[in-house]
Amino acid sequence: MYLAEKSIQLAYDPGITPHGGGLPGLFVLRQVVGSVNLFGIIAVVGALAVSAGVWAWGHHSGGHQAEASGKKGVLVSAGAALLLGAANGVVSFFSSLGSQVQ
C-alpha cells in the first residue's frame with residue numbers, strides 16, 4: 001500500500017504554467033538577456049577573426065599546432081554563433097516539448 005501512495009504523490013499535477021505578467025521587471029530582464037546575447041555574438045565575431053588569423057598564420061608558417069588550434073577555434077566560434085543565434089528557438093522547442101510530458 002505504501003508504494004501505491006508514493007506513485008500517487010509522484011503523479012500529482014501542481015498546475016504551474018509560465019505566466020508572462022506575474023513579476024515586475026520582466027521587460028527589463030528581457031532587455032538585459034538580449035544585451036548579453038548581443039555581447040556574446042560580438043565576442044564570437046572577435047574570436048572567429050582571431051582564430052581564422054591563427055589558422056592562416058599556422059598554415060603559411062608551417063606551424064601545425066597553430067593551424068590545428070586555429071581550426072578548432074573557428075569551429076568552436078561557429079558553433080557558439082549558431083547556439084547564440086538559435087537560443088530562442090532552442091528554448092522554445094524544448095519548452096513546448098517539456099509541456100507535453102505527462
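Is Phe-93 buried, partly exposed or exposed? Phe-93 is partly exposed, since its relative accessible area is 48%; buried would be under 20%, exposed over 50%, and partly exposed is in between, using a 1.4 Å probe and protein chains only.

Before going on, keep in mind that this is a predicted model, where local features need pLDDT of at least 70, side-chain atom pairs count only at pLDDT 80 or more, and totals for chains, interfaces and linings use all residues. Residues are numbered from 1 along each chain as its sequence is written, and side-chain values use heavy atoms, with hydrogens and water left out.

Back to Phe-93. The structure has one aromatic pair (ring centres within 6.5 Å, counting the six-membered ring for Trp). Phe-93 and Phe-94 form that pair, with 5.0 Å from centre to centre and 75° between the planes. That makes it edge-to-face (planes over 60 degrees apart; under 30 is stacked, the rest tilted). Phe-94 counts as exposed because its relative accessibility is 53%.

Now look at helix H2, residues 26-61, where you'll find Phe-27. Helices here are DSSP runs of H or I with at least four residues, numbered from the N terminus. Phe-27 is exposed, with 59% relative accessibility.

Glu-67 counts as buried because its relative accessibility is 14%. Leaving aside residues up to four places away in sequence, Glu-67 touches Trp-55, Gly-58 and His-59, where contact means heavy atoms within 4.5 Å.

Methods
Helix = DSSP H or I, 4+ residues; strand = E, 2+ residues; numbered from the N terminus.
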